[in-house]
Amino acid sequence: QDNVTCAGVWLTQSLNQKGLVDGSACSSLCDKDTLELDKCLSTHAAKQVYSGMWGDLEGVVRCRMDEAPAYDVGSQMEAGKEAAALFDTPPTGTSVEKFREMILDHLKAKVDEEQANLGELTARALAAADANKDGRISLAEARSSWALLQLNDFLLALALQERGHTPKILGFCGDLYVTEKVPNAPLYGVRAPAWTPAWVRRAADHWFTPAWHHRAKISMGLLELVEDLFHGAFGSFLMCDLSAAHFGYTGRYDFRVADAQNIVPQATFQEAIRQQRCDRDTDCVYGVDCLTSCDLTKRRCTPEVAEPNLVKACRVLEDYVLQGAPSDIREELEKQLYACMALRGSAEQAEIQHSLVLNNLKTLLWKKISHNKDS
């Protein structure tokens with residue numbers, strides 16, 4: 001991890017000291033030293049995610065993924081110039097109204113859906129930009145916010161902040177931002193070393209998962225997230241990696257997204273996949289499991305995903321919620337999950353069936369857990 005940095009914490013500190021970036025976490029990171037990065041939570045050199053402490057509060061620090069220069073004075077000066085160039089938008093003299101238009105145009109390109117309430121999402125982004133809540137947005141605050149809005153995971157967290165499925169954004173400085181920690185992650189069992197045999201992992205998943213009614217509540221949360229991402233108030237998003245490591249839950253067994261880097265706006269996905277050249281369908285993959293087909297006449301990937309979010313979510317839930325399910329609902333639950341996994345084509349092509357299967361699953365689980373006091 002030594003050769004990678006979040007645009008460099010030291011660069012963020014330098015940019016803040018020069019007045020180029022600002023945010024609610026800057027003072028703690030740069031002056032008071034009360035925001036501390038602790039353990040690296042990523043196994044990939046290109047992903048910068050750390051556990052950390054912000055005063056007495058436990059959180060997760062996420063940063064832009066940029067290669068860091070070697071640590072000598074000359075390269076640090078050059079890196080400082082490059083980093084400063086990342087924070088030159090909006091330009092000096094930009095009014096708040098012009099900044100509002102810039103954000104709205106950016107969101108239209110990112111989300112690009114007529115039914116999305118982009119005006120409300122723009123207002124939310126502007127409110128977040130006013131980090132010190134003084135009713136004004138400084139140029140440094142605006143530049144930090146603009147950099148963050150380029151990140152899919154920050155955009156998702158901002159869009160779903162009130163729904164409760166993503167960790168609360170606690171603060172930011174430049175392109176570094178801090179969220180609440182998800183207390184229990186991954187979704188199944190424990191974090192096992194990479195060399196752990198598959199059968200041991202599966203056994204651990206069963207040994208260390210919560211009681212069934214708690215798992216049912218967590219599963220409800222995942223289904224609600226799928227619902228929010230499908231033609232939600234702020235457009236549609238695609239889940240392109242449903243690995244258990246990216247999800248978790250709270251002490252009250254409320255579902256949480258632990259890592260949203262692979263949840264992308266549908267418009268962003270479609271633009272990227274259209275540019276991808278292919279010779280076969282297997283060439284048309286975005287992330288881990290957002291698959292499309294190859295148009296052999298054009299040698300380009302088509303923009304429609306083969307499976308909607310719900311199919312992939314049900315695949316995750318099949319073992320998670322069927323294991324130990326009460327006998328009076330197990331057969332019906334299994335039937336609904338198999339119906340879910342049989343859905344084909346994009347959710348738009350099967351919207352009614354998609355909604356029906358989703359509602360059936362939620363109703364079935366809710367009837368069983370609604371009488372539990374701790375659910």
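These questions and answers cover a predicted model of one protein chain.

Residues are numbered from 1 along each chain as its sequence is written, and side-chain values use heavy atoms, with hydrogens and water left out. Because the model is predicted, local features need pLDDT of at least 70 and side-chain atom pairs count only at pLDDT 80 or more, while totals for chains, interfaces and linings use all residues.

Reader: How many helices and strands does the protein chain have?
Author: Helices (H or I, at least four residues) and strands (E, at least two) are DSSP runs, numbered from the N terminus. By that rule the protein chain has 13 helices and 15 strands.

Reader: What percentage of the residues in the protein chain is buried?
Author: Buried means under 20% relative accessible area, exposed over 50%, partly exposed in between (1.4 Å probe, protein chains only). The protein chain has 375 residues. The buried share is 49%.

Reader: What share of the contacts with a separation of 6 or more joins residues 24 or more positions apart?
Author: A contact means heavy atoms within 4.5 Å. Among contacts in the protein chain with a separation of 6 or more, the share from residues 24 or more positions apart is 64%.

Reader: What percentage of the accessible surface belongs to carbon and sulfur atoms?
Author: Accessible areas come from the Shrake-Rupley method with a 1.4 Å probe; for residues, only the protein chains shown count as cover. The surface of the protein chain comes to about 18,100 Å². Carbon and sulfur atoms hold 51%.

Reader: How many salt bridges are counted?
Author: A salt bridge needs a side-chain nitrogen of Lys or Arg within 4 Å of a carboxyl oxygen of Asp or Glu. The count by this rule is twelve.

Reader: Which aspartate forms a salt bridge with arginine 163?
Author: The N to O distance in this pair is 2.9 Å. Arginine 163 lies in the loop between α7 (152-159) and β6 (169-173) and its partner in helix α9 (residues 212-229), so the pair ties together parts 65 residues apart in sequence. The partner is aspartate 228.

Reader: Is lysine 312 buried or exposed?
Author: Lysine 312 sits in helix α11 (residues 309-322). Beyond its neighbours within four places in sequence, lysine 312 contacts Met239, Leu242, Asp289, Cys290 and Glu307. Its relative accessibility is 3%, so lysine 312 counts as buried.

Reader: What is the N to O distance between aspartate 289 and lysine 312?
Author: The two side chains meet in a salt bridge. Aspartate 289 lies in the loop between β12 (285-286) and β13 (290-291) and lysine 312 in helix α11, so the pair ties together parts 23 residues apart in sequence. Aspartate 289 is partly exposed, with a relative accessible area of 22%. The distance is 3.9 Å.

Reader: How far apart are the closest N and O atoms of arginine 136 and aspartate 134?
Author: Arginine 136 is exposed, with a relative accessible area of 61%. Aspartate 134 is partly exposed at 39%. Their salt bridge has its closest N and O atoms at 3.8 Å.

Reader: What is the relative accessible area of threonine 179?
Author: Threonine 179 is in strand β7 (residues 176-180). Residues up to four places away aside, threonine 179 touches Gly59, Val60, Arg62, Pro167, Lys168, Ile169 and Leu170. Threonine 179 is buried, with a relative accessible area of 3%.

Reader: Which residue does a cis peptide bond join to proline 186?
Author: Most peptide bonds are trans. Proline 186 is in the loop between β7 and α8 (198-207). The cis bond has an omega of about 10°. The residue joined to proline 186 is alanine 185.

Reader: What is the phi of lysine 133?
Author: Most residues other than glycine have a negative phi. Lysine 133 lies in the loop between α5 (118-129) and α6 (139-149) and is exposed at 58%. Its phi is positive, about 55°.
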